[in-house]
Amino acid sequence: MKLIGFPPSPYTARVMLFARLKGLDLVRESPPGGLHSPEFKAINPIGKIPVLQTDDGQLLPESSVICEYLEDVHPAVPGLPGSAPDKARARLIARVYDLYAAARSTTLMRQIGVADADPKAREAALAGLAAGLGHVERLMADAAYAAGARPSLADCALLPPIVQIKRVAAPMFGLQDPTLGNGRFGKWWKTISADAMFSGFAQEYDKAVQGLVEKRLAGG
Ligand SMILES: N[C@@H](CCC(=O)N[C@@H](CS)C(=O)NCC(=O)O)C(=O)O
């Protein structure tokens, strides 16, 4: 089993973190031939990373579906909460971030180092991202982790974009850092920072994002 993806991709990071949470040894490889190559198009005609290649050769795209697959195949260490309402909360947090915030963050990432970037697109992305994060925050449990007392898919879905926001959207584009203050994101970030596995992953992922930012600032 291996995951095809790139380290700065928040969706690749979601799956890598989820696997780590479950104690799975998941190997990551870059897309063969590059993201836009015919070789990778043959693997995923949608052209997006990550893709999980299972031991029996199945190719699975879509980060949340990959996580659910890992959960089904490796149930020993659960990556979803136990009760149906909490499971739904974990899945909703990931889904609502994906549907209502992720694309806004991508717009901002694409503006890094672009001298003539569209200011209206930037303002719309900032407003949309703030609204999307608000929708997510209202879904978060009043508990240590995003969907309850134990870490889950919800934390794995939120950590990469929040690290990315703390490195890019907040310092470079003026978005209010959602982890500052005493809201749910603020409390959650304290939990994440005190959790060795999550904070270790956050540091690794932040380095990958930093590398991408430097590349874009250098015109790459
Ligand atoms: N819904 C997908 C989104 C995947 C996605 O957007 N991946 C980005 C990298 S973070 C990508 O492959 N972009 C390449 C492109 O759009 O050309 C998931 O959850 O896996």
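Reply: For sorting residues by class, Ala, Val, Leu, Ile, Met, Phe, Trp, Tyr, Cys and Pro count as nonpolar, Asp, Glu, Lys and Arg as charged, and the others, Gly among them, as polar. The model is predicted, so local features need pLDDT of at least 70 and side-chain atom pairs pLDDT 80 or more, while totals for chains, interfaces and linings use all residues. Residues are numbered from 1 along each chain as its sequence is written, and side-chain values use heavy atoms, with hydrogens and water left out.

Glu-62 places a polar side-chain atom 2.7 Å from a ligand nitrogen. Of the 520 Å² that the ligand exposes when taken alone, the protein buries 76% (Shrake-Rupley, 1.4 Å probe).

Two shell residues have backbone features. Glu-62, in the loop between strand 4 (59-61) and helix 3, has a positive phi near 75° although it is not glycine. Helices (H or I, at least four residues) and strands (E, at least two) are DSSP runs, numbered from the N terminus.

The ligand sits in the largest pocket, meaning that more than half of its atoms lie within 2 Å of the grid points. A pocket is an open set of points on a 1 Å grid over the protein atoms alone, where a 1.4 Å probe fits, with protein on both sides within 12 Å along at least five of seven lines; lining residues have an atom within 4 Å of a point. The largest pocket holds about 1200 Å³, the space filled by probe spheres set on the points. Its lining has 39 residues, with Ser-9, Pro-10, Tyr-11, Lys-48 and Ile-49 nearest the centre. Among the elements giving two or more residues to this lining are helix 1 (10-21), helix 3 (63-73) and helix 4 (84-100). Helix 4 gives the largest share, seven residues. By class, the lining has 19 nonpolar, ten polar and ten charged residues.

How values were computed
Polar contact = N/O pair within 3.5 Å; in protein donor to acceptor, adjacent residues only side chain to side chain.
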